[in-house]
Amino acid sequence: MFNKKICVSGLIFLILLIFTSFIKNETRLLEKKIYNLNHKISKLRHELHDAKVEYSYLSSPKYLFNKLSEFSSEKYVPRSFSEIYLSLSELLEHQYQKTKINVYHDKEKTKK
Amino acid sequence: MIKKKQKSRIFNQNQQSFYFKDFYSSSESHKSKLNIIEDRIFILFSVFVFLILIFAIKVFLISIEQPKKLSYHQTYSEFAPIRRDIVDRNGNLISSSIQMYNAAIRSNLVKDKKKLILKLQLQFPKINTEILSNNLNNKKYFYFKKRLTNKEYKKLWLMGEKGIVFEPVQNRIYPHSNLFSHLIGQTDDDNYGISGIEYFFDKELIKAELNDIPLTLTVDLNIQHVINKELKKSINTFNANGAGALLMDADNGEVISLVSLPDFDLNKREKINADEFTNKITKGIFELGSIFKTFTVALALDENIVTPSTIIKNIPNTVKCSRHEISDMKKFPNEMSVEEILIKSSNVGTLKIARMIGQNKFESFIEKLNLNSRADLELGELGTPHSLKWNKCKLETVSYGHGITTTPLQAATAYAAMVNGGYYVKPTLKKDTLLKKKTRVIKESTSKSINSILRKVVTHKDGTARLANIFGYEVSGKTGTSQYYSNKNKNINTFISYFVSNEKKYILLIMLDDPKIARDLIYDYNGFKIKGFRNEAGWNVVYVAGKVIERIGPILAINKNNSTNINVVKKFN
């Protein structure tokens, strides 16, 4: 009644059908895992976002100044521009000049 | 199958032709039965094939389907902010969205309304019970409280009342509360910007594709705080009604700080209609007085009418112009150089220079500097100066800053053009890498001359801004003492300064609204300690500007990209 070709193609079709459902099942399980992970990521993201907002509040200059006055008796004086070096070369240059002056003074002293 | 059936039919016909009539007649019914069975099998087979085909197509379609549709994306609630965050130039958070709850009441689910009112009154003593009872009786669904805090949410949740519904909503939060009140603005209940940057950049802030990228502003949180603090201090010291400050990069127009006092808490939703809460820097329209003298001198220099050393002869004590009598606050010599006129801030001297320039040139210069048209910045709250009618005596009064109104923002922008080499750069609040459009308004040589004169305003013994001479920053600038356009009894004192910190040029504008003499304040003036006895700009706003520059100067210097904190060390001297 049925010829060989039909049987073979039917069989292949059946195998593919079973194989597809097996893959689909595996995919479903994977998606379940992805879902769980996504859910966790989303939760962590939310927590991170809240933490960032909280951090920005806790590290705001106004809050820090208030806490400083609450817990410390030290007075912080702003450093004047003439008191800071902005680059390493500036520092080295200053050191070099200072050494030169000191050497000059030492020489003057020995002369006397 | 069909072929076989046809064959059998042909065979039967053949049989008839071979005279198997008996057989034919006896097996006729049997054969017809067989045919029916065959047909049924065929139909059944066709149905099965059809079903398998549908099933196969379905399986095939599912197999090629995109995994997106199969995923569980929609099933879990992911927190995705509706609006983008706003950060300062260093990435510090200024505005963000968080999840909050609104508490609503479904009246038909409340069994004992009186009991509920009593319970709510115990937990929230400030509520209006009359309104609540009215709402409970007349409305099916109404909001009891919007934007609940965590504490309030827990209180209501612990009541266990069925009728109370918690609606999750997203809300804007401002971690620095008052600090950026005039700049950032607010959003409404539906998360649409209604003022400030939230309003101006509304479309950009709600763009879903940019959700993870914050909107970066040019402002600096730390500098904003320092200036805010100094201004608040100055309001107390000089008993002023309010204050304003603007710090701007003179080369690219980036606004680093914008403060207007009094301010308000952005996290509290209150209706603020009082005039004092107007943004003084961008919306406030003022006659800024003597700071306009700089523009007059700059134009005269640019047009080669005078040089800084040109002597203006026969400067009278008073000049009658139409109905007005124009004079100086102090008595000045009747011969002064152009430079001296600006340093000493002589009204009559400036007026004489303006007459040399002529009205047409002056008018077009004011237009070029955008001083009399609507202010331009990425904010909703911008002021438009009163239109200028060039009638009799206008040129003379405008030359020293009277009879012309403008916003402090516009004045500071024009000053930036005076000192940055002569380019007008549009001020901006949005940090981007795009090259800013620059328009030349004066020659580079004119800018250099103006720089040197303005420096002398701070360093010269007759200069009006000596209190701002802070070591290391090459401060220069011009003071302005004027009256309110609408109330001549109130003073507006302004100082626009220009200073350099680590090779970068900055414009700092400080303004005090009706400051009084600070009799308890001891000034360090020319090495002498003197008590406050005057009320001009040189004795209040200049003093404040000096304090501000002293504080923010090192921060601005260290902020430069190529210097790292590791190199910043204390000097030994």
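I take helix axes as lines fitted to C-alpha atoms over the stretch in contact, with angles running from 0 to 180 degrees between N-to-C directions. Helices are DSSP runs of H or I with at least four residues, strands are runs of E with at least two, and both are numbered from the N terminus.

I note that this is a predicted model, in which local features need pLDDT of at least 70 and side-chain atom pairs count only at pLDDT 80 or more, while totals for chains, interfaces and linings use all residues. Residues are numbered from 1 along each chain as its sequence is written, chains are lettered from A and ligands numbered from 1 in the order in which they are written, and side-chain values use heavy atoms, with hydrogens and water left out.

**Helix crossing.** I looked up helix α11 (residues 293–302) and helix α17 (residues 444–459) of chain B, whose axes come within 9 Å and cross at roughly 140°. That makes α11(B) oblique to α17(B), since angles under 35 degrees count as roughly parallel, over 145 as roughly antiparallel, 65 to 115 as roughly perpendicular and the rest as oblique.

**Salt bridges.** I searched the whole structure and found 24 salt bridges over all chains, each being a side-chain nitrogen of Lys or Arg within 4 Å of a carboxyl oxygen of Asp or Glu. K456(B) is partly exposed at 29% relative accessibility, whereas E339(B) is buried at 18% (buried is under 20% relative accessible area, exposed over 50%, partly exposed in between, with a 1.4 Å probe and protein chains only).

I then looked at D189(B) and K146(B), which form a salt bridge with their closest N and O atoms 3.1 Å apart. D189(B) sits in the loop between α7 (181–184) and α8 (196–200) of chain B, and K146(B) in strand β3 (residues 141–148), 43 residues apart.

**Nonpolar patch.** I found a nonpolar surface patch of about 940 Å², whose members include F13(A), F42(B) and I54(B). Patches take residues with over 30% relative accessible area and no salt bridge, joining like charges within 9 Å and nonpolar side chains (Val, Leu, Ile, Met, Phe, Trp, Tyr) within 5 Å. Helix α2 (residues 21–64) of chain B gives the largest share, nine residues, while F13(A) lies in helix α1 (residues 4–58) of chain A and is partly exposed at 31%.

Methods
Accessible areas come from the Shrake-Rupley method with a 1.4 Å probe; for residues, only the protein chains shown count as cover.
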